[in-house]
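Me: I am new to this structure and would like to learn how to read its features one at a time. Could you take me through them slowly, with the general idea before each case?

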Amino acid sequence: MNFLPGKRVLLGVTGGIAAYKSAELTRLLVKAGADVRVVMTDGAKAFVTPLTYQALSGNPVHHELLDETAEAGMGHIELAKWADRILIAPASANFIARLRQGMASDLLSTLCLASSAPILVAPAMNQQMWSNAQTQENVASLEQRGIHILGPDIGDQACGDFGAGRMLEPADLLQHLNLSFSSQLLGGLNVMITAGPTREAIDAVRFISNRSSGKMGFAIASAAREAGANVTLVTGPVSLQTPEGITRINVETAEQMGQCVLDQLADQHILIGSAAVADYVPSNSFQGKLKKSSQQLSIELTPTLDIMREVGGMTDRPFTVGFAAETDNIKTYAQEKRRSKNMDMIAANQVGVPESGFEVDTNSLDIYWANGEQHLALAHKTKIARQLVEVISRQYRENQGDNA
Ligand SMILES: Cc1cc2nc3c(=O)[nH]c(=O)nc-3n(C[C@H](O)[C@H](O)[C@H](O)COP(=O)(O)O)c2cc1C
């Protein structure tokens, strides 16, 4: 969802080589419907001319603090009050230090002090400058004060170095800014998400598992966090980094996952079960490693606990969202599964379709609830996750209204 139309964005540009990328950022912001005012430091003007931003934003560019003509127009306090958001991109090491100190030595730092708008900072600098203890301390202090630090990225740098310090791409910054306007969709709610596969031991070295990579569950965890939720991510074995600000609990088997979910359920407002939990576990796991032989081998399997069914059967349960992987008749099967397990919503993947479902980075989903449905067209799992979180938050609130 685009929250930017009509939003007043003060874009601060400071003196870094990435200033040229903010011209593209200005264009994207305007295209998304935002009202953009660019404020440049003297350093920034050495890299790109104000005229560039003026042409792209359609508004005069502000750069002088002690200037009577500028003050006679939109003065610095007025500009500070005008902004819904202040986005500083690129943010130089020097500017970050000034912001941390609470300086008011130039127009941009003064505006940051004088404004109550949320501030988002996109650092861009040489990797050594970024990893310098002083910069890290400055950034940590800003984060503590609630300033959002976006990035930086790791990669090749203009100076020839490689490392952390590249400014996030304009499209990513746009996305972050957009989300900052939607960030309270799940504000203050506790959300538990299960992700990844489980492993059921056959012997000491072999197990039964499935193709789940955990990517969808991890993307949902990130999106829920961005939407203001306190997120607990219960995950089977995957090779994915824990998204920032999330409590991660690692489990291996279906039994451990079930136990973990049930133990913590009482505190949760929403449960999203995206894990591909094994349906069967070997009845007897062999001690040690099973020796190879020419004989046929049968493994007896016992059904595992169906976590979502168990939760659905509880009288006092969180808002519950399940997942289904279907090959055909998606709507009929998914709705049937949702009803039989007493879940509030179900998100169905069509398996066997290229670029969708397990292992890949993209997905499409059909979401069903008692009296509605929504299709999410094929997109990167990050985007699908954000859209899914929007739908869940809407239905959760509707459901709360019904139960109030
Ligand atoms: C060619 C060149 C590129 C620079 N690139 C960066 C940069 O990417 N990030 C940074 O923090 N400083 C960079 N600097 C240093 C800043 O421009 C310098 O610290 C300046 O005082 C920043 O001013 P400002 O924070 O008021 O914009 C660069 C300097 C030069 C000469």
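Reply: Let us begin with a term that helix packing needs: an axis here is a line fitted to C-alpha atoms, for helices over the stretch in contact, and the angle between two axes runs from 0 to 180 degrees between N-to-C directions. Please keep in mind throughout that this is a predicted model.

Me: At what angle do the axes of α6 and helix α9 cross, and within what distance do they come?
Reply: Two packed helices are described by the angle between their axes and by the distance between those axes. In this model, the axes of α6 and helix α9 (residues 133-144) cross at roughly 50 degrees and come within 9 Å. Angles under 35 degrees count as roughly parallel and those from 65 to 115 as roughly perpendicular, and α6 and α9 are therefore oblique to each other. The crossing of α6 and α9 is left-handed.

Me: Which residues make the contact of α6 with α9?
Reply: On the α6 side they are Ala93, Ile96, Ala97, Leu99 and Arg100, while α9 brings Thr135, Asn138, Val139, Ser141 and Leu142. Sorted by class, the residues of this contact of α6 with α9 are six nonpolar, three polar and one charged.

Me: How do helix α1 and helix α10 pack?
Reply: Helix α1 (residues 21-31) and helix α10 (residues 170-182) have axes 9 Å apart, and they pack at an angle of about 45 degrees, which makes α1 oblique to α10. The crossing in which α1 passes α10 is right-handed. Lys21, Glu24, Leu25, Leu28 and Leu29 of α1 make the contact with Pro170, Ala171, Leu173 and Leu174 of α10; by class, this contact of α1 with α10 has seven nonpolar, no polar and two charged residues.

Me: Are α1 and α3 roughly parallel or oblique to each other?
Reply: The axes of α1 and helix α3 (residues 50-57) come within 9 Å and cross at roughly 15 degrees, and α1 and α3 are therefore roughly parallel to each other. Here α1 passes α3 in a right-handed crossing, with Ala23, Thr26, Arg27 and Val30 in α1 meeting Thr52, Tyr53, Leu56 and Ser57 in α3. The residues of the contact of α1 with α3 comprise four nonpolar, three polar and one charged.

Me: Which residues come nearest to the ligand?
Reply: There are 16 residues around the ligand, and Thr14, Gly15, Gly16, Gly43 and Ser92 come nearest. Both α2 (42-45) and α6 (93-101) supply at least two residues each to the shell around the ligand, and the residues of that shell divide by class into eight nonpolar, seven polar and one charged.

Me: Where should I look for details of the backbone?
Reply: One place is the peptide bond joining Ala89 and Pro90, which is cis, with omega about -5 degrees; Pro90 has its place in strand β3 (residues 85-91). A cis peptide bond also joins Gly151 and Pro152, with omega about 5 degrees, and Pro152 lies in the loop between β5 (148-149) and β6 (153-156). Asn329, although it is not a glycine, has a positive phi of about 50 degrees, and Asn329 is found in the loop between β16 (319-326) and α14 (330-340).

Me: How far apart do the C-alpha centres of domain 1 and domain 2 lie?
Reply: The domain assignment of the protein gives domain 1 (8-182) and domain 2 (190-403), and the C-alpha centres of domain 1 and domain 2 lie 39 Å apart.

Methods: Residues numbered from 1 in each chain as written. Predicted model: local features only at pLDDT ≥ 70, side-chain atom pairs only at ≥ 80, totals over all residues. Near = placed C-beta within 6 Å. Helix = DSSP H or I, 4+ residues; strand = E, 2+ residues; numbered from the N terminus. Nonpolar A, V, L, I, M, F, W, Y, C, P; charged D, E, K, R; others polar. Domains from an automatic or database assignment. Parallel < 35°, antiparallel > 145°, perpendicular 65-115°, else oblique. Left-handed = near helix turned anticlockwise from the far one by under 90°. Contact = placed C-beta atoms within 7 Å.
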